[in-house]
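Hi,

Here is the structure I said I'd pass on.

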Amino acid sequence: MTVRMLLTSTIEGVGKKLPNIIPNISNKSVLCIPTAAYGEEGHENWLYKEQRDVKEFCKSYREFDLRNKSEDELKGTVQDIDIIYCTGGNT
């Protein structure tokens with residue numbers, strides 16, 4: 001298994017380039033973990049912009065909020081996921 005990381009301050013600026021950065025993104029399933037964003041005041045104003053391009057280019061897109069979830073719930077959720085996408089926010 002190959003693990004690669006794409007680190008950005010914001011994905012909004014590079015979102016349209018995702019097909020060039022992630023080979024075959026249109027065949028990938030993405031799990032978005034937006035939990036850190038919920039700790040930032042005003043996240044509802046920028047979070048959708050962060051997610052927009054990822055949603056557009058991938059095959060399937062799901063969100064998983066880590067709050068109040070068990071380790072087993074997380075393990076079950078990441079099965080068959082190609083990309084884990086953690087949004088920005090307050091760690």
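Glu-71 is exposed, at a relative accessible area of 55%, while Lys-75 is partly exposed at 45% (buried is under 20% relative accessible area, exposed over 50%, partly exposed in between, with a 1.4 Å probe and protein chains only). Their side chains meet in a salt bridge, 3.1 Å from N to O (a side-chain nitrogen of Lys or Arg within 4 Å of a carboxyl oxygen of Asp or Glu). The two sit four residues apart in helix α3 (residues 71-77), so about one helical turn separates them. Helices here are DSSP runs of H or I with at least four residues, strands are runs of E with at least two, and both are numbered from the N terminus.

Before going on: this is a predicted model, so local features need pLDDT of at least 70 and side-chain atom pairs count only at pLDDT 80 or more, while totals for chains, interfaces and linings use all residues. Residues are numbered from 1 along each chain as its sequence is written, and side-chain values use heavy atoms, with hydrogens and water left out.

The structure has four salt bridges, and Lys-16, Asp-53 and Glu-56 are linked in a network of them. Lys-16 pairs with Asp-53, with the closest N and O atoms 3.2 Å apart. Lys-16 is in the segment before α1 and Asp-53 in helix α2, so this pair ties together parts 37 residues apart in sequence. Lys-16 also bridges to Glu-56, at 3.3 Å between the closest N and O atoms. Asp-53 is buried, at 4% relative accessible area, whereas Lys-16 is exposed at 55% and Glu-56 partly exposed at 49%.

Also in helix α2 is Glu-50, which is buried at 7%. Glu-50 lies 6.9 Å from Thr-10, C-alpha to C-alpha, though they are 40 residues apart in sequence.

The lining takes in 29 residues, with Arg-4, Met-5, Leu-6, Ile-83 and Ile-84 nearest the centre. Elements giving two or more residues to that lining are α1, α2 (43-57) and β3 (83-86), and β3 has the largest share, four residues.

Met-5 itself is in the segment before α1 (18-21) and counts as exposed at 69% relative accessibility.

Cheers

Notes. On a 1 Å grid over the protein atoms alone, a cavity is a set of points where a 1.4 Å probe fits but cannot get out, and a pocket is an open set with protein on both sides within 12 Å along at least five of seven lines; lining residues have an atom within 4 Å of a point.
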